[in-house]
Amino acid sequence: MFQVSNLMVFYENALAVNELSLEVAEGQMVGIIGSNSAGKTTLLNTLSGLILDIQLKERRKGGEHITVLGTITYQGRDISLMPAYVRAREGIVLCRERHPVFGDSTVMENLRIAGYLKNRAQIKRGIDLAMELFPALKALTRRKAGLMSGGEQQMLAIGMALMVEPKLLFLDEPLLGLSPAMQQKVMDAVKKALKMANTTIVIAEQFARPILPVIHKGYVIENGMLTMTGTGEELMANPEIKSAYFGI
Amino acid sequence: MLEGVLIYGFINSVLLVLVAMGFNLTFGISGVANFAYGALYIMAGFLCWGLLNSLGLPYWLAVAVSVAAIALLAGLLFRFVLLRVRGLVISEVIATFGVGLAILELFRYWGFIGFEYTLPVWLDASFDIGETVVDGQRLIMVAVGAGLTLFLWFFTRHSRIGRAFRGIAQDERTALTLGINADLTAAFAVAFGAGYAAMAALVILPLGTIAVNEGYNVLVNALAVCIVGGLGSTMGVIVAGFLIGYAQIFTATYGETHWMMIVSLAALLVILLVKPSGLFGKQKELEERI
């Protein structure tokens, strides 16, 4: 349903994503594994179209010159130049890194803002889904989002992304800064969301341990380049992955 | 005496709230700077005056056309000026302030000065409240102010676009990933705020003449009320409007009238020293805690 071919992203002359091609099939959970600065966030920003906005804003203030090459195809259409908010309407939704919530609004307001594209009934359904996936949010609906813990904010951020009823959901480092127990909770909810929300999920992470057992396919990237591809089990069995990500 | 001060203080407070509401909507709630606000306010007055006196339109139609035209004009201001510098707050402020300056000084240059530039009052009657006489226009202004405030409060909380305003003000990129067209929403915020300015102008200006200098005062008052109240908070605008409004009337009554101008600026300075996020500020509250 989603193909990327020969994607390259430059910040000035620095290459952030290098000749990267990948494919995501409907209903799958796909992992993108890589360490810090491997290019995961740049990759997801490009796939979700956010890079086009960043590029424009940088150009406006005379900042970094960003170049994007290659093609992104979604359901047979080339969407390389489609703005982020249009992609969201088409069902491609990114949940950015560092739990992006609207800090000054309450949890409930956050979910409602996220339901911008949806009608009243869909918003209600979305809120119910978020509460079912993350029961911890039930007690916090009137809490200001910016005052919650990182884990709570991450749960809310995923709930907000699901409000858009994505066909393809990108999660950028959803486990960043979370305790192992909270990581497990979030991963359980993501697994549940894959079925309940009937969506396809691409998850970028540096913590391979909780991710590899649940993904159908994984891409390992280093310095913006694809170094390895395989199913979750194949990657777990790989000695290089073992030493790099599991320390065995 | 005191009764009169209280009543006129109340009216002055509502006037400030009314003037600040549109600015609050654009700059406070949506995070888009529109410092041509005072110019648009005055322009609404002159436009309505022109429609009444040159084209001879009925008053209600002239008011409706002026409000719509000012909102549209602000939309164009966004499209052709603000959009180019969108995301750079200082540039947004400077660009819109420049446009406002140009509009106001053009009016002065064209000779739009004098006592003939007045709008007729909506209601030519006066009422006794206790022992104080209040004219009909001021009462209408209070009613319109209350109505517009209630509408704004409801709109920003319970409408789709109102929620989008809050979204783009807090995190534009996250808003984009949720399918919110940030530029269109911002354009709408500017147009909506300008429409509010025009409505405020058309109920307030019949109380006096349409004077170019008033455009600067309106901007300063709106800015002071919004910052003292806390950017983005409708409740804050109301409370700050009443604080500054009563302070101005008390100053004029028990002090000297010319000190009245300083009250809003003094309030602005004090609040920036004591609590920069404002009385009910939401925007900067988190950062101040950390």
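Is Glu172(B) buried or exposed? Glu172(B) is buried, with a relative accessible area of 15%; buried stands for under 20% relative accessible area, exposed for over 50% and partly exposed for what lies in between (1.4 Å probe, protein chains only). The tour returns to Glu172(B) below.

This is a predicted model, in which local features need pLDDT of at least 70 and side-chain atom pairs count only at pLDDT 80 or more, while totals for chains, interfaces and linings use all residues. Residues are numbered from 1 along each chain as its sequence is written, chains are lettered from A and ligands numbered from 1 in the order in which they are written, and side-chain values use heavy atoms, with hydrogens and water left out.

**Stop 1: the interface**

Select chain A and chain B together. Here 29 residues of chain B are in contact with 30 residues of chain A, contact being heavy atoms within 4.5 Å. The two chains bury about 2800 Å² between them, with 58% of it on carbon and sulfur atoms; buried area is the accessible area (1.4 Å probe) that two parts lose on being put together, summed over both. Next, select Arg173(B), Thr177(B) and Leu178(B), which supply 23% of the area that chain B buries against chain A, more than any other three residues.

Across this interface the rule finds 2 salt bridges, a salt bridge being a side-chain nitrogen of Lys or Arg within 4 Å of a carboxyl oxygen of Asp or Glu. Display Arg96(A) and Asp171(B), whose side chains meet in a salt bridge (3.3 Å, N to O). The side of chain B that touches chain A divides into 9 nonpolar, 9 polar and 11 charged residues. In this count Ala, Val, Leu, Ile, Met, Phe, Trp, Tyr, Cys and Pro are nonpolar, Asp, Glu, Lys and Arg are charged, and the others, Gly among them, are polar.

**Stop 2: Glu172(B) and its partners**

Now select Glu172(B) and Arg86(B), whose side chains meet in a salt bridge (3.5 Å, N to O). The pair links distant parts of the chain, 86 residues apart: Glu172(B) is in helix 7 of chain B, and Arg86(B) is in the loop between helix 3 and helix 4 (89-109) of chain B. Helices (H or I, at least four residues) and strands (E, at least two) are DSSP runs, numbered from the N terminus. Arg86(B) is buried, with a relative accessible area of 4%.

**Stop 3: strand 3 of chain A**

Move to strand 3 (residues 29-33) of chain A, where 5 of its 5 residues are buried. Met29(A), Gly31(A) and Ile33(A) lie on one side, and Val30(A) and Ile32(A) on the other. Strand 3 pairs with strand 8 (residues 200-205) of chain A in the parallel sense over 5 bridges; strands pair if DSSP finds at least two bridges between them. In this pairing, Met29(A) stands opposite Ile201(A). With strand 9 (residues 217-222) of chain A, strand 3 pairs in the parallel sense over 4 bridges, and Gly31(A) stands opposite Gly218(A).

**Stop 4: salt bridges within chain A**

Select Glu173(A) and Lys40(A), which form a salt bridge with the closest N and O atoms 3.5 Å apart. Both residues are buried. Finally, select Glu90(A) and Arg77(A), whose side chains meet in a salt bridge (2.7 Å, N to O). Glu90(A) is partly exposed, with a relative accessible area of 26%, and Arg77(A) is partly exposed at 41%.
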